[in-house]
There are 2 protein chains.
Amino acid sequence: MVTRDDVARHAGVSVAVVSYVVNNKNNVKEETRQKVLRAIEELGYNPNMAARSLKTRKTNQIGVLFNNLGNSFETGISLGLEQRARQYDQSLIFQTYIRSEEHKLKSIFSGRTDGIILMGQSLKPETIEHFAKFGVPLYSVLKPVQDHAYVRSIDIDWYDAMLKLVEHLKSLGHHKIGFMANAMHDHYHHVRFLHFRQAMEASGLEFEEHSLLQAGGYLESAYDRMSNRIKANPKLPFTAIVCAGDLMAIGVLSACKDCGLSVPGDLSVAGCENILMTSHTTPTLTTIHYPRKEIGYMAVDTIMGQIHNGDEPTDSTFGFELMIRQSTVKPTG
Amino acid sequence: MVTRDDVARHAGVSVAVVSYVVNNKNNVKEETRQKVLRAIEELGYNPNMAARSLKTRKTNQIGVLFNNLGNSFETGISLGLEQRARQYDQSLIFQTYIRSEEHKLKSIFSGRTDGIILMGQSLKPETIEHFAKFGVPLYSVLKPVQDHAYVRSIDIDWYDAMLKLVEHLKSLGHHKIGFMANAMHDHYHHVRFLHFRQAMEASGLEFEEHSLLQAGGYLESAYDRMSNRIKANPKLPFTAIVCAGDLMAIGVLSACKDCGLSVPGDLSVAGCENILMTSHTTPTLTTIHYPRKEIGYMAVDTIMGQIHNGDEPTDSTFGFELMIRQSTVKPTG
DNA sequence: TTGTAAGCGTTATCAT
DNA sequence: ATGATAACGCTTACAA
């Protein structure tokens, strides 16, 4: 490892001068600067980030808490996060969130990160307050189920989105609409479910508890859940189903195909995210466009404001769009 | 921020003792240990990782170089990396690799990472030698196009895989086989392409240059490329096409559908990765199963061996499996 | 069993 | 314009 001392010695200046050059201070004679730059070049010197962080109390790293790296909805958001973070010269340090290991986050991120971006997780108050105490900003993409004063978020207006989707289905003639979501109560799908129910009510439609299908994870579990449901009783209590995640909707599509249920003939299916795949399924999938990249950008902008300017973040919502495609049509009969 | 000094003062012991306790040294009286633990608890203390890294010269962070966070093949590998890294208590710091910004990696990772896992990138020799000089191990999932003595890799045997795939198509009666890949010459698709050509030759089939379709990125660009190709001349010079990436294959499927070309009736299509989606397309996709998670595990195991035991890594290959599904059948006519 | 103190590679204050 | 030097929070001989 080449240190600043080595550079200083090599260039025949003091360690301070090397720092000045590295940090672009304007108080260094051009000649000296060149000498130092040459030394840096010759030795292949790069400042040690750990040492720098220790001294400056800035890490230039932002933590990102995933739920599932394999979910293209979440990676789509990260794509936005990553691009924007790069512009700020910030590195992202990714962690998959596992509730039973939540306490580890405190040590993992200690002195490692200037702020943390969540993806809808409802952290334990104790954890949140730990970070609050040490002034580490938390900001969430996707509104967490459990609200906490220290964690503001950016999301779309799910109530409005669900209302549009439900109204769309209703206008086609659907009155019995099912819903499929991740079973975890603190999962971000829960927010979608709550708003779906409200939208149903506002539309004068009744939602029946047995029309809620819970599936553990993503595509495969949705496929299994739907297949089993159909096999148990091919007569479904709804003519359309909304899936909290697009991957789930694709699993449902696939299950219907394999079980001989025609979509959209026998059942209309809708998703909630507009991941790329949804325009390439057969049939193409009606869904809500979630502006992943833009929201990723805004999340980074916001947390950077918190970190560098001490901005007080607020909850904000971003526009969505209802994408009507082939998977939703008038119910038969 | 609570420091070790605060804890020491609060517990009425010296700073060293706090360190002993934190690092589970066995030379601390049980009573003192309890006192310290209580102080840690009460103050909400967590060791500052930056400071610890500086002293111990271990960061417990591993860099991961992505090409595209939006590609589920790559995120599938990361899923394996992440899971295994967690077991070693290592954090992953993700960077999207951009060739024109490659030099930045040196500073970004300086003092930040104990090793770096690549995903098939051919780094510039200068960059590789920089990390070699400072003893930062580099290890690649996916064999890079450009070989370098310092960068060993784990991958499947692409020649064998392509041979199996080509033989499968040949046995169905295909003699003209097209190939679609990312155009970048240093992209990991290139490795697949080279082995495909060898496999064609070994199978006694001729590969014609105009049967190589290059598409920039992933699903959408593959879709565009294929659509344009069909529109330009619906009579394709091949009866089957192998796509270097599954997402590309899905794009091709979609393009064929939209252009009125039937798969597998008019054209057989195969992929190379077996991402989850490939078993849910219409038709389901013949592809090569790439054991992403297992390879991710092994990559972490290997680099941990390099980091902690100074192991000399070697190139290794992992088993694959040919997944024959609906998208490849006997050519008509 | 516990404490003292040096040092990891920086930055930043204060002299010069 | 440049140079000493004291932190930053931690680990680890070595001393007590």
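Begin by selecting helix 9 (residues 189-202) of chain B, which lies across strand 6, strand 7 and strand 8 (240-243) of chain B and runs at about 165° to strand 6 of chain B. Helices here are DSSP runs of H or I with at least four residues, strands are runs of E with at least two, and both are numbered from the N terminus; axes are lines fitted to C-alpha atoms, for helices over the stretch in contact, with angles from 0 to 180 degrees between N-to-C directions. This is a predicted model, in which local features need pLDDT of at least 70 and side-chain atom pairs count only at pLDDT 80 or more, while totals for chains, interfaces and linings use all residues. Residues are numbered from 1 along each chain as its sequence is written, chains are lettered from A and ligands numbered from 1 in the order in which they are written, and side-chain values use heavy atoms, with hydrogens and water left out.

Next, display the open sheet of four strands in chain B, whose order is 7-6-8-9 with parallel pairing (two strands pair if DSSP finds at least two bridges between them). Strand 7 (212-215) and strand 9 (268-270) of chain B are at the edges with a single partner strand each, so one side of each is left without a neighbour in the sheet. The twist averages 20° from one strand to the next. Strand 6 (residues 177-182) of chain B is joined to strand 7 of chain B by four bridges, and B:Asn182 can be found opposite B:Ala215 in strand 7 of chain B.

Now show both chains, where 12 strands form an open sheet of mixed pairing in the order 11(A)-5(A)-4(A)-3(A)-1(A)-2(A)-2(B)-1(B)-3(B)-4(B)-5(B)-11(B). From one strand to the next, the twist averages 25°. Select helix 12 (residues 292-309) of chain A, which packs on this sheet and touches, among others, strand 1 (61-66) and strand 11 of chain A, with its direction at about 170° to that of strand 4 of chain A; contact means heavy atoms within 4.5 Å. In chain B, strand 5 (residues 152-156) pairs with strand 11 in the parallel sense over three bridges, and B:Asp155 is opposite B:Thr317.

**DNA strand C**

Select DNA strand C, which 26 residues surround, the closest being A:Arg4, A:Ser19, B:Ser14, B:Thr32 and B:Arg57 (a residue is near a strand if one of its heavy atoms lies within 4 Å of it). Zoom in on A:Ser19, where a polar side-chain atom lies 2.6 Å from a phosphate oxygen of the DNA strand, and then on A:Lys55, whose side chain has an N or O atom 3.4 Å from a base oxygen of DNA strand C; a polar contact is a pair of N or O atoms within 3.5 Å. Helix 4 of chain A gives the most to the surface near DNA strand C, with four residues.

**DNA strand D**

Finish at DNA strand D, which is surrounded by 28 residues, including A:Arg57 and B:Tyr45 among the closest. Of its atoms within 4 Å of the protein, 57% belong to sugar or phosphate and the rest to bases. A polar side-chain atom of A:Tyr20 lies 2.7 Å from a base oxygen of DNA strand D, whereas the side chain of B:Ser19 places an N or O atom 2.7 Å from a phosphate oxygen.

Terms used:
A polar contact is a pair of N or O atoms within 3.5 Å; within protein, one must be able to donate a hydrogen and the other to accept it, and residues adjacent in sequence count only if both atoms are side-chain atoms.
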